[in-house]
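Subject: Handing over the two-chain structure

Dear colleague,

I am passing this structure on to you, and I would be glad if you could look through it alongside the notes below.

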Amino acid sequence: MSEELQYFNEDAQEQLQMMESALLDAMDKGVNDEYIGTIFRAMHTIKGVAGMFSFDAIISFTHIAENLMDAVRNGKIELDENLLMLLLKCKDHVSTLVDYAVESAPLPKNILDKDKLLKATINNYLQSPPEKFVPTQTLPIETISSNLWHISLHLKEYFFETGMDLISIIAFLKRLGTLHSVSTLVENLPTLEEIDPYKPYLGFEIEFEGDVKKEDIIEVFEFVEDDIELNVFSVDKIQKEEPQKEELPEQTKPVIIEVLQAKIEDIQPKQESNNKQITPISQSLRVDSSKIDILIDTISEMVIANAKVNRYVEKYADAELEEVAIELSGLLEELRNNVMNIRMVQVGESFEKFRRVVNDVAHKLNKKINFTIKGGETELDKTVIEKIADPLLHMLRNSVDHGIELPAQRVQNGKPEYGTVELRAYPESGSIVIEIEDDGKGLALDAIISKARAKGIISQTQQLSDAEAYKLIFEPGFSTAEVVSDISGRGVGMDVVKKNIEALKGEVALVSKVGKGSCFTIRLPLTLAIIDGFLFQVGQTHYIIPLDMVSEVIEYTSEYHVNIRESQLFDLRGTLLPLLDVRNYYKELPCEMCERQNIIVVKYGHHKIGLLVDELFGEYQTVIKPLGKLFKNAPGLYGASILGSGEIALIFDIPTLFEILKIK
Amino acid sequence: MYSQILIDDDDEMAIKEGPQYLLFYLQSNLFALRGECITEIVELPEITKVPWMQPCVKGVCNIRGTIVGVLDISERLMQNDFTNTNRTSLVIVKVAEEEVSHKIGLLIDEVYEVEVFEANELQSVPSFGLPIDSKYVEAMIPYKGDFIPLLSLKSVADIEFLSQRENPHAT
């Protein structure tokens, strides 16, 4: 067996082993995306590698299996027990095919029959017959829209010693998409006297178009990756990053070696029509988020520098200078807002994807559900949204599966036939709150407690408060469903959900009422979130409170005074409310500039209090920055924000402040 | 990182190799800090007071868009409030706590010098007799016929202690 075949064999067997483990785990523990991904990748990888060796039997079979897994992955086909069994058989069959292929032995009839049978079964699953896999088939134009790639490869000196055939690799690349051109780089070719026939000297520049990822292209070259220098660029990217272009072979005059060209033409019919239909430039660009952090810090510095410039403008009173300075300030403001917005994404788009899942699950369980999304415009850091998606999905499945009753039962209980599941998001005092509420059967506290006792999570005698009892469902190994279904409820979920949320420095809580429904509340901090704040001054210090907590703002005139000595109250049109003198409370020095005092009426939950403050500045786009560990015990302060002048404003944490002031 | 604290004595640096130390004045006494924990030294920025903190925690300031807590080490070590002169500087140091490092700014009266000392030059701290509590001193450094206390950042900038609230009823 040649060395490459050996690699192929080992790789294929390894992939198959992973596929088998995933299948068995899926049977034991329930299907999840990870398992599906593993199974899909196994088939995909084997197909890819087999393609390099032209093992057609393996290619055609794995292609169909891959289609099947793709359909599973996209949720078109459900991975049930039967399908898992079928896939196990497929795995065994591929293993057999690999054995025969490695031995270069022809397939005996019984294997061929099995092959046909399995393919037919898979096709049944796929319902509509799958596209036939033809090696020379090109992908339809629509799917390759803007996926132009430039592949540059240089053969290393010892390439010929590896015995690898580059033509077959390029031929395989052809199956992933379209080769627009392959040009040979000969600038390293020495003169005839000096040439060493054992060395390649050549490089190739390939223009390739295909609906693939960069990794897919690199994977094609996997077998020779150590023997060549490979660079894969997305052409879109090159166009955007003009300055880098000099690295690309403008100056190297591509000369086409006729032999190679002939070979390529063998495998590639002319594709002139394609060239015209390439739609240019994709709209998004992946950027490391730390780069944006640096950008934001730099802009903050610029804002401060700009404030200094403005001071000089005032000092010198030069009209032209002033004009430029105003323009600069405006641009800077715009730049700042735009950069801040890069990281922030509305949650709506991500939430919309859940609609499908909820519907599918409901349909499967014969439940009728109205799924509503509220607060989709709430903005959250993109990475946080990505990381919160899985836990949310799990909780939604839970709500549908365990929460909502069957329609008949609902009607019997005097509830509407359609259950309601609501997913909502809203910012609350420096946090983003995401809630999942259903009007299902709710969780009985005593059921939770007795279950926890039975599972040994708590001792028989341990007494718990309601809140503590609800927390039990987030314990590892806790599942309240009496019948385990394949949608949720193997007790592997809620503890993972909790862990994921805590990893984001958030918290999750549950409130439930038997017969009425349950509500999960996830509270996520937003270190880099922008809130609409209300800026004001007390003494020497600027403060901000979230704008949506401001109920109204009034000037503290005599009509609001309460004549009870040493009282801290004020009279808001006949309602007596507590008044917090912030200057006194925070021991601020008096504000010299300020002439009158104002009251900000703050509401939180069902409570209202007044804050007695000095100067009001109004609405302010606030970037929340952490105060740091040093100030972890600072009372009622959540964070700070840097103002345009470079000054710092402290952000009130209203819920904590209410807590401290014991307004309950 | 060190380049920010190299001042103007490249020649001397070249002769002596070893860890760098920042020497600075505090209430007209010289003190030293390990260079490796210093990220930068800046002019005294505007400080925003944070209410209800220990008297030595002066507030927060804006260092390149990061909010950094300001610690008055004169107050912390000698219970003497700092005096703002045009030489007053803020030394930004990294303090590790629970594997996360935090930046804290230390107020000093004046930067004196950056020097290199080898580990064997450091001497142990006398158990009493220093004008400041010896728990804040890590070692004594002999320098030009005198001794400079090397401050222990860990105990000077003890976040657990510093983050405690001032007793609101005390004053």
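This is a predicted model: local features need pLDDT of at least 70, side-chain atom pairs count only at pLDDT 80 or more; totals for chains, interfaces and linings use all residues.

Residues are numbered from 1 along each chain as its sequence is written, and chains are lettered from A and ligands numbered from 1 in the order in which they are written.

The model scores ipTM 0.81 and pTM 0.48. Residues 1-7 of chain B should be read with care, since their pLDDT stays under 50, and the model has 14 contacts for them beyond four places in sequence; two residues are in contact if their C-beta atoms, placed from the backbone, lie within 7 Å.

Chain A has 664 residues, of which 31% count as buried, a residue being buried if 20 or more other C-beta atoms lie within 10 Å of its own, exposed if 12 or fewer, and partly exposed in between. Chain A holds 21 helices and 21 strands, where helices (H or I, at least four residues) and strands (E, at least two) are DSSP runs numbered from the N terminus. Among the contacts in chain A between residues at least 6 apart in sequence, 71% join residues at least 24 apart.

Where the chains meet, 23 residues of chain B are in contact with 25 residues of chain A. On the chain B side, β4 (57-63), β5 (66-72), β7 (100-108) and α4 (159-162) each supply at least two residues. That side of chain B divides into ten nonpolar, eight polar and five charged residues, with Ala, Val, Leu, Ile, Met, Phe, Trp, Tyr, Cys and Pro counted as nonpolar, Asp, Glu, Lys and Arg as charged, and the others, Gly among them, as polar.

Two helix pairs in chain A deserve a look. Helix α2 (residues 33-53) of chain A packs against helix α3 (residues 56-73) of chain A at an angle of about 155 degrees, with their axes 9 Å apart; axes are lines fitted to C-alpha atoms, for helices over the stretch in contact, and angles run from 0 to 180 degrees between N-to-C directions. That angle makes α2(A) roughly antiparallel to α3(A), the term for angles over 145 degrees, whereas angles under 35 count as roughly parallel, 65 to 115 as roughly perpendicular and the rest as oblique. In the second pair, helix α14 (residues 347-364) and helix α15 (residues 382-403) of chain A pack at about 30 degrees, with their axes 10 Å apart, and are therefore roughly parallel to each other. By class, the contact of α14(A) with α15(A) has twelve nonpolar, one polar and two charged residues.

Finally, Lys587(A) has a positive phi of about 50 degrees although it is not a glycine, and its place is in the loop between α20 (582-585) and β17 (598-604) of chain A. Lys587(A) is partly exposed, with 13 other C-beta atoms within 10 Å. Trp52(B), also not a glycine, has a positive phi of about 65 degrees, and lies in the loop between β3 (38-43) and β4 of chain B.

Technical notes: pLDDT is the predictor's confidence in each residue, from 0 to 100.
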